[in-house]
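Please open the structure in your viewer and keep the selection tool at hand.

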Amino acid sequence: MADFPDLPRHKTVGVMVGDVMVGGGAPVVVQSMTNTDTADAEGTARQIAALWRSGSELVRITVDRPEAAAAVPHIRDKLAQRGVDVPIIGDFHYIGHKLLHDYPACAEALAKYRINPGNVGFKDKRDKQFSMMIETAIHFGKPVRIGVNWGSLDQELLTKLMDENARAGSPMTTREVMHETMVQSALVSAARAEEIGLPRDKIILSNKVSTVQDLIRCYEMLSSRCDYALHLGLTEAGMGSKGIVSSTAGLAVLLQQGIGDTIRISLTPEPGGDRSQEVRVGQEILQALGLRSFSPQVISCPGCGRTTSTVFQELAKDIQDYIQVRVPEWRDTYKGFEELQLAVMGCIVNGPGESKYADIGISLPGTGEIPAAPVFVDGKKIMTLRGEDIGDQFKRLLETYVDRRYGQGFPPGERVEMVTAAE
């Protein structure tokens, strides 16, 4: 999608994660993380496949103990058997250096390692254990995300900066010191990784916090001081609308400034809920900002006193659900279909106008109006649908339109006639 080609982009060094480019001017990448027990290779592979099918371009897994590390090569093989080609990232804490050393097949199978400088090691062991992980990454040619997290911040560095701040003539607030600690932790660790021998194009940084304003401030500071590729995300964003709104508010501000090369929406799933929701939210944020296109957009009105029936609500949901089901097949068949715009409107006030601006749209009658729904294709009214099966009729028109436009690439002027003739 290139609706806003002049949006600024923070220039960062590109990093190849498997066959996916992060940074370096590449489109912003959407990623997710499993919540299965990684030692359960079959269950984890199944969830990775589901996340990949929903559009996750990178998937992170927890590697927290020997059983998990031993399972990683098997997970990779099970994914290959399913035809799933997605880079897998290993998330390491506390004993990552030991797991990568003791399980070289795990180190080789992963596409990237995530290292948290706040818990890679303490006191005298910190540099040794961090160095071991970086050296493993160098040996296997793997990139590393140095992921600083608000909840596991380097306490030695924080204490040092707090002490320095207390002696300063114009001290910062405690919150400002926390921001500075977050940024310094990432930059100092990245500099050390480069000193050990990890190339700059193998390093991604992140500053994960759980409040929107802190997120914005930390990444603004971090991006102004480096050209490393940046991973964005509001950690522990929350459940449902709270998590979606908070993540959207923070990431939209940063992405609008051109900050961020890959994103993850850390939603707390409902019990038994769909893990893929966080992937869809990430895609929708990027699509709403005009940065990328993932799926056809359905424009629908909120309803008012002119639409007291539920017909347009049911139709809008039916069409949205239908598209979600069809996207995987359309993705394999039709190039560019993601930029398609549909309108499902509820009455004659704004309905015809919105439908004309969409590629294909339908304007239902409002309450008490004649039960007739005009359909517009490429700005022209082509027919009026009537009857109890308006939704099915419209879906057939939609399938014809998608096939004619994206399957054979006919110019807009010819599409109206072809869609009309198909009915």
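The stops below begin with the whole chain and then turn to particular selections.

**Before starting**

The model is predicted, so local features need pLDDT of at least 70 and side-chain atom pairs count only at pLDDT 80 or more, while totals for chains, interfaces and linings use all residues. Residues are numbered from 1 along each chain as its sequence is written, and side-chain values use heavy atoms, with hydrogens and water left out.

**Stop 1: the whole protein**

The secondary structure comprises 14 helices and 17 strands; helices (H or I, at least four residues) and strands (E, at least two) are DSSP runs, numbered from the N terminus. Along the principal axes, the C-alpha atoms fill a box of roughly 80 × 55 × 40 Å.

Of the 423 residues, 52% count as buried. Buried means under 20% relative accessible area, exposed means over 50%, and partly exposed lies in between, with a 1.4 Å probe and protein chains only. The accessible surface comes to about 18800 Å², and 52% of this surface belongs to carbon and sulfur atoms. Accessible areas come from the Shrake-Rupley method with a 1.4 Å probe; for residues, only the protein chains shown count as cover.

A contact means heavy atoms within 4.5 Å. Among contacts between residues at least 6 apart in sequence, 67% join residues at least 24 apart.

**Stop 2: strand E6**

Select residues 112-115, which form strand E6 and include Ile115. Is Ile115 buried or exposed? Ile115 is buried, because its relative accessible area is 1%. Leaving aside neighbours within four places in sequence, the contacts of Ile115 include Phe92, Val120, Phe130 and Met133.

Next, select Lys112, which also lies in strand E6. Lys112 is buried yet has no salt bridge; a salt bridge is a side-chain nitrogen of Lys or Arg within 4 Å of a carboxyl oxygen of Asp or Glu. Which side chain of opposite charge is nearest to Lys112? It is Asp91, 8.9 Å away. When residues up to four places away in sequence are not counted, Lys112 touches several others, among them Val17, Gln31, Pro143 and Ile204.

**Stop 3: salt bridges**

The whole structure holds 31 salt bridges. Select Arg225 and Glu180, whose side chains meet in one of them at 2.7 Å, N to O. Arg225 lies in helix H8 (residues 212-225) and Glu180 in helix H7 (residues 174-196), so the pair ties together parts that are 45 residues apart in sequence. Arg225 is partly exposed at 40% relative accessibility, whereas Glu180 is buried at 14%.

Now centre the view on Arg200, which is partly exposed with a relative accessible area of 31%. Arg200 forms a salt bridge with Glu194, the closest N and O atoms being 2.3 Å apart. Glu194 is partly exposed as well, at 28%. Arg200 also forms a salt bridge with Asp227, with the closest N and O atoms 2.9 Å apart. This second pair links distant parts of the chain, since Asp227 is in the loop between H8 and strand E9 (229-232) and Arg200 is in the loop between H7 and strand E8 (203-208), 27 residues apart. The relative accessible area of Asp227 is 30%, which is partly exposed.

Finally, select Asp37, Asp64, Arg65 and Glu67 together; a network of salt bridges links them.

**Stop 4: two surface loops**

Select Tyr94, in the loop between strand E5 (88-92) and helix H3 (96-102). Tyr94 is exposed, with a relative accessible area of 53%. Its phi is near 65°, a positive value in a residue other than glycine. Most residues other than glycine have a negative phi.

Then select Lys123, in the loop between E6 and helix H5 (125-140). Lys123 has a positive phi of about 50° although it is not a glycine, and it is exposed, with a relative accessible area of 64%.

Conventions: Lys, Arg positive; Asp, Glu negative; His and termini not counted.
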